[in-house]
2 protein chains.
Amino acid sequence: MAREKAERSRVIPEVPEVVVMRLPLYLRTLVQLSQRGVEVVSSQQLGQQLQMTPAQIRKDLSYFGRFGRQGRGYSVKYLLEELRQILGLEREWDVGLVGVGRLGRAIISYAGMAPEGFHIVAAFDADPRQVGQTVGGITVQSMDHLQESIKATDTRIAIVAVPAAHAQEVIDRLVECDVRAILNYAPIPALVPPPVKLRNIDPVLALQSMTYYLRSL
Amino acid sequence: MAREKAERSRVIPEVPEVVVMRLPLYLRTLVQLSQRGVEVVSSQQLGQQLQMTPAQIRKDLSYFGRFGRQGRGYSVKYLLEELRQILGLEREWDVGLVGVGRLGRAIISYAGMAPEGFHIVAAFDADPRQVGQTVGGITVQSMDHLQESIKATDTRIAIVAVPAAHAQEVIDRLVECDVRAILNYAPIPALVPPPVKLRNIDPVLALQSMTYYLRSL
């Protein structure tokens, strides 16, 4: 327990954000390996699964300490638990949702979130017709209650599913409420001040990264 | 015109997929710069906007030829047009959608797709209650018509918005229909054979890459 605590509070300096963004992929692959009963995995095998070079995987993991022994590979269970801790996933997270139109409703009913420890606990909408409705067990609140509700529950993660024209304004308000991580579904290049993290869910970027391979068709 | 054609058919060998995946980000940033009236941009400025090193940006672009002159920066307009051509975005693309539940309907009504040249032209669902309904001007077809419809329209891109339990089966069927690029919204590690490209829209991965920064909260 003492050791665990020490590791949790271990300060890991200056990890490039792209490396952090790859860790969830490693974690997911390790979970799959673990479910298949695999106990030890090499960086070659991980690389094959993830279409990455073994050197890149070893380098990424080396930021966080030594997880494997030369030529022995990684213990799947140990690496998996370490990654969960590094990523802050040994706990559950409350998530606020802004926008309960079609997309917001789909997000609330998305079955993949809760098993991973992300729980949408509050939902907000600017449309008075939505306010007061219950969606997936959550009562939609007015945007007037955003600050009060987010602060009262100490929610630090929010999902933005509002139309593009309102997204930046909503994101600014969330930042004012001390939200520190925002997942934005609106197709805009949103801005947040440095301590806040932002990820954009963007089908167009994904599609554009595939048409490259279709040009000859 | 002749020069344009020659460039279009130019074979660019062995570009790493991660590089291709970054090109749409470059393109988007250039579009924004262009809209602000910026005519020339340095790799430093691009790097600042994209939180990447200038060296990485220069290296990525160098796969596709020489776009800038030493110390002069890139012509925004020229680089933008070249990237559109490289990515196959100088044309419009038809897209098929499988799954018209809440998420599928949100995707159909997503305003960001059409302006970028991606048009959902057909929608399919396994639920007989959905079949025949009109969503965003598209009549939902039965899965029995998938092959016939996709092949008749020569659609090579599909979006999968079905429940996780059915996603791989749907993806397999799309591959059989000669679909070559699949955007999967279901939270599963889907598999496709090598010539086919797959991108997963995954809110959990995005959330997990942010909790790293929230651990101390």
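Guide: Buried area is the accessible area that two parts lose on being put together, summed over both. The size of an interface is often given in this way. In this predicted model, the area buried between chain B and chain A is about 5600 Å², and carbon and sulfur atoms give 70% of that area.

Visitor: How many residues does the contact take from each chain?

Guide: Chain B contributes 57 residues and chain A contributes 56 residues.

Visitor: Which salt bridges and polar contacts does the rule find across the interface?

Guide: The rule finds 2 salt bridges between chain B and chain A. One of them pairs A:D202 with B:R28, whose closest N and O atoms lie 2.3 Å apart. There are also 12 residue pairs in polar contact across the interface.

Visitor: Which element of chain B gives the most to the side that touches chain A?

Guide: That element is α9(B), with 9 residues. As for composition, the side of chain B that touches chain A divides into 36 nonpolar, 9 polar and 12 charged residues.

Visitor: Let us turn to strands. Which strands of chain B are joined to β7(B), and do they run parallel or antiparallel?

Guide: Strand β5 (residues 118-125) of chain B runs parallel to β7 (residues 138-142), joined by 3 bridges; B:A123 has B:V140 as its bridge partner. Strand β6 (residues 134-135) of chain B runs antiparallel to β7(B), joined by 2 bridges, and B:T134 is partnered with B:T139. In the hairpin of β6(B) and β7(B), 2 residues lie between the strands, and B:G136 takes a positive phi near 55°.

Key:
Residues numbered from 1 in each chain as written. Chains lettered and ligands numbered in written order. Predicted model: local features only at pLDDT ≥ 70, side-chain atom pairs only at ≥ 80, totals over all residues. Heavy atoms only, no water. Contact = heavy atoms within 4.5 Å. Buried area = accessible area lost by both parts, 1.4 Å probe. Salt bridge = Lys/Arg side-chain N within 4 Å of Asp/Glu carboxyl O. Polar contact = N/O pair within 3.5 Å; in protein donor to acceptor, adjacent residues only side chain to side chain. Helix = DSSP H or I, 4+ residues; strand = E, 2+ residues; numbered from the N terminus. Nonpolar A, V, L, I, M, F, W, Y, C, P; charged D, E, K, R; others polar. Pairing = 2+ DSSP bridges.
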